[in-house]
Amino acid sequence: MPIKNFEVGKPPGSADINRYFQQRAHVIKPSDESIASSTTLQNDDHLFLNVAANTHYWVEAMIRYDGATGGDLKFGWSVPSGSTFEWTSNGLATAATSTADDLWRRRRTAAQDEIVGAVGAGTDLLALPEGLLRVGATAGTLRLRWAQGTSSATATRVFLRSMLMISRMVP
């Protein structure tokens, strides 16, 4: 996209506003949420945003979590029908034993989930997923879904101040 020079005395039109002043939306998780003894993905209570039809978005999230070393965190996304979402988890690899272990940066699609490592209850970790959401003809909701990677009686928790943000892009 070329850089546009705006002229003094000529206000930008609506197309200019939509293209050059991109719209952003975000949500910050207001409370902790936990799941114990379940690997079945469930909708996060707070981390979701509405998206418009026929629009592209850059998606970024900061997921603060902890869990049992063997429990880990499994997460994925639900998107509107007809949408595509290519993303990467940017989180600690499974079987991690410390916060300094390897990170996952595998390419995923909307239909795929990812498991990121946890290193014990009480050790606050981050996953920083990001990706490109292409919404088709149906508007709807982008929503984080998560569970434990391996069932554990020790709860896996997603903490308050986790965040989901989308930035509208012009294709």
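Reader: Is Lys 10 buried or exposed, and why?
Author: This is a predicted model. Lys 10 counts as exposed because its relative accessibility is 54%, and the cut-off for exposed is over 50%.

Reader: Which side chain does Lys 10 meet in a salt bridge?
Author: That of Glu 7, at 3.5 Å from N to O.

Reader: How many salt bridges does the structure hold?
Author: There are 8. One of them joins Asp 66 and Arg 157, with 2.4 Å between the closest N and O atoms.

Reader: Which parts does that pair tie together?
Author: Asp 66 is in strand 4 and Arg 157 is in strand 14 (residues 156–158), so the bridge ties together parts 91 residues apart in sequence. Asp 66 is buried, at 0% relative accessible area, while Arg 157 is partly exposed, at 30%.

Reader: What about Arg 107, which side chain does it meet?
Author: Glu 86, in a salt bridge of 2.6 Å, N to O. Arg 107 belongs to strand 9 (residues 107–109) and Glu 86 to strand 6, so parts 21 residues apart in sequence are tied together. Arg 107 is exposed at 56%, and Glu 86 is partly exposed at 29%.

Reader: Now the core. Which residues touch the most other members of the largest nonpolar core?
Author: Tyr 65, Phe 75, Trp 77, Leu 142 and Leu 164, out of 31 residues. Strand 4 gives the largest share of this core, 5 residues.

Reader: What is Leu 164 in contact with, sequence neighbours within four places aside?
Author: Its contacts include Ala 25, Val 27, Leu 47, Val 59, Trp 77 and Leu 142.

Notes
Residues are numbered from 1 along each chain as its sequence is written. This is a predicted model: local features need pLDDT of at least 70, side-chain atom pairs count only at pLDDT 80 or more; totals for chains, interfaces and linings use all residues. Side-chain values use heavy atoms; hydrogens and water are left out. A nonpolar core is a set of buried Ala, Val, Leu, Ile, Met, Phe, Trp, Tyr and Cys residues joined through side-chain atoms within 4.5 Å. Buried means under 20% relative accessible area, exposed over 50%, partly exposed in between (1.4 Å probe, protein chains only). Helices (H or I, at least four residues) and strands (E, at least two) are DSSP runs, numbered from the N terminus. Contact means heavy atoms within 4.5 Å. A salt bridge is a side-chain nitrogen of Lys or Arg within 4 Å of a carboxyl oxygen of Asp or Glu.
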